[in-house]
Number of protein chains: 2
Amino acid sequence: MVSIKDIAREAGVSISTVSYALNGNPKVTPETSAKVLAVAKELNYRPNAAARQLKKQESLIIGAFLTDFIGAFYGELLQGMKEVLNRKGYDLIVCSGKQSHRLLPERMIDGAIILDAAFSDAELLEFAERGHRLVVLDRELHHPEINQVLLDNKAGANLAMDHLIGTGHRKLYIVTGPADSFDSRQRMIAVRQTLDRHPEVEAVIIEGDFTQATGERAGRQIVESWDGTAGVFCLNDEMAIGLYHFLADSGSSVRVGEELSLIGFDNIDLLRYLQPRPATIDYSKHRWGAMAAEQLLRMIQGEPVEHERIYVSLITGDSVKRRN
Amino acid sequence: MVSIKDIAREAGVSISTVSYALNGNPKVTPETSAKVLAVAKELNYRPNAAARQLKKQESLIIGAFLTDFIGAFYGELLQGMKEVLNRKGYDLIVCSGKQSHRLLPERMIDGAIILDAAFSDAELLEFAERGHRLVVLDRELHHPEINQVLLDNKAGANLAMDHLIGTGHRKLYIVTGPADSFDSRQRMIAVRQTLDRHPEVEAVIIEGDFTQATGERAGRQIVESWDGTAGVFCLNDEMAIGLYHFLADSGSSVRVGEELSLIGFDNIDLLRYLQPRPATIDYSKHRWGAMAAEQLLRMIQGEPVEHERIYVSLITGDSVKRRN
DNA sequence: TTGTAGGCGTTATCAC
DNA sequence: GTGATAACGCCTACAA
């Protein structure tokens, strides 16, 4: 491996001069600098990240931790992070699985963005306590080294519920996400509040886990006890798609956008292939990722940060039929 | 930051003893070892990855480089890599974008798996020349430090073409991928060979770029010059889906699985929502990733490796109608 | 302007 | 079995 020592020897200067020249320190004369640069290029020199990191105590790498790599959902989110980070000279690496958690305490990365329920709150607090900078997208956690960038889940769930109720639905089904999902829990809180305000509305809660499979299962359950018309709020689009396909494939007489009104949450890409177009709650995944990255860099630079919120909006689609 | 030096002081031993104890070297007595471990735990010690890496010249991290983070396509592939790597004590990080290429020459990672046309052959050869270990999934590149794990694109394209011709199609449309895609070029070679063997078959080549948008465009073009029946081979499923939706949405009288026979390539998840189910070429993405990871680790361990091939098979679906 | 030297946290080679 | 000590490659006072 060619190191600055080799360059120094070859260029006939000391290693510190090489270091200065490579880092553009103005103390070195243009001539020596040029010479050093030339030799460096000739020897095909590349700095050693580990050595620099050891000395400078920073890696210029940020880690994004996800539950899994599956799910088209993440694409835009990561793209948003990457653009911000690259612009500021940082690299983004994407990790998944418990084994890779070590990268943070071992100081391989300068900070982390967390969207993975596999991290326990305790673990994250411990990292924060050690001085690591974190941005969490999937929980509320209060610590000076932890910033939250959360979806406005409650507003979204309210929009969805109000849409169904406002279009005259008096019988509702709610398909929940997994119990360990922050987003699901938040959405359910808003759902329950809305239901409390509307005692005239009858609601059935169906446990789901955010997968298409449980959406199908929910569809079966709903059809079996069918009696007229109803509105269904699936707490994410994956489940709404599962339900949608169950109805389409089962040959049931219950049709989306007619007898059954359907609304989801997330506005994932797949929706664009469905006819009728499902109603859903939209937000910018790109902006979510970008915001998370910005907040993290701010913390690293020692600037003050406040928790941020990603706003949501209603997309009505063609899947909700007016009943009044 | 608490280092082994702190542990040494606290435990009343030398730093080398601490290092031995932490690494389970049997030279140290159980008592001292226990003491050291206890102090380490008490002080909340975590090793510094940069320091170890600088000394040992390895990071136990493998990088996967992708064109972008979008595309559900990558999920299974990455999962396959991760499982193999984790089992062997390595971590997987996923990167995208030119900026992150530095991680390889700066020795932040012990090897890389490449599926990204943004890397030029020259760049990869240069890395290999420096002694970095690479596995490429998207090109043929011959160098002792580079291993290929490639799809059997030609076999797949042959299967698709034979299926269309064997079911009696004499008029074919071929929708290609982008010119810089290795997979597309390989598939086209096989397509041309098959056409040469079947002079009775009339074929129209339509330029595409593997996106759904060009699939739609191809659909429009095909319908405009429609005259009876035809078979369409889209060189990937994304384009097949685009074409499929164009026909469905445009209200054209040309129906998939009836007048128009359709076959794609990749067997991506989205297909399962289409009715009729498109024919396609299948292969295990999980196995592809796992194989790439295995080959890379073998190279790192200095074992000999041969180029590998991922086999493909035909899924007939309901989108190809027999004409004879 | 350039060189000397110490240190970042580990590992590993020696002595003892 | 344990302890100095010298690397690994780079940065940066401080000295010259």
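Helix α4(B) gives the most to the surface near DNA strand C, with 5 residues; a residue counts as near a strand if its C-beta atom, placed from the backbone, lies within 6 Å of it. Helices (H or I, at least four residues) and strands (E, at least two) are DSSP runs, numbered from the N terminus. The model is a predicted one, in which local features need pLDDT of at least 70 and side-chain atom pairs count only at pLDDT 80 or more, while totals for chains, interfaces and linings use all residues. Residues are numbered from 1 along each chain as its sequence is written, and chains are lettered from A and ligands numbered from 1 in the order in which they are written.

Both chains take part in the surface near DNA strand C: α2 (15-22) and α4 (49-56) of chain A, and α1, α2 and α4 of chain B, each supply at least two residues.

Within chain B, helices α1 (residues 4-11) and α2 (residues 15-22) pack at an angle of about 105 degrees, with their axes 8 Å apart. Axes are lines fitted to C-alpha atoms, for helices over the stretch in contact, and angles run from 0 to 180 degrees between N-to-C directions. α1(B) and α2(B) are therefore roughly perpendicular to each other, a term that covers angles of 65 to 115 degrees. B:Ile4, B:Lys5, B:Ile7, B:Ala8 and B:Ala11 in α1(B) meet B:Ile15, B:Val18 and B:Ser19 in α2(B); residues are in contact if their C-beta atoms, placed from the backbone, lie within 7 Å.

In chain A, α2(A) packs against α3 (residues 30-43) at about 90 degrees, with the axes 9 Å apart. The residues of this contact divide into 6 nonpolar, 3 polar and no charged.

The contact between the chains takes 33 residues from chain B and 33 residues from chain A. On the side of chain B that touches chain A, α5(B) gives the most, with 6 residues. A rotation of 180 degrees with 0.1 Å of shift along its axis superposes chain B on chain A (RMSD 0.1 Å), by least squares on the C-alpha atoms of residues with pLDDT of at least 70 in both. The two copies are thus related as by a two-fold rotation axis.

Key: Two residues are in contact if their C-beta atoms, placed from the backbone, lie within 7 Å. Angles under 35 degrees count as roughly parallel, over 145 as roughly antiparallel, 65 to 115 as roughly perpendicular and the rest as oblique. Ala, Val, Leu, Ile, Met, Phe, Trp, Tyr, Cys and Pro count as nonpolar, Asp, Glu, Lys and Arg as charged, and the others, Gly among them, as polar.
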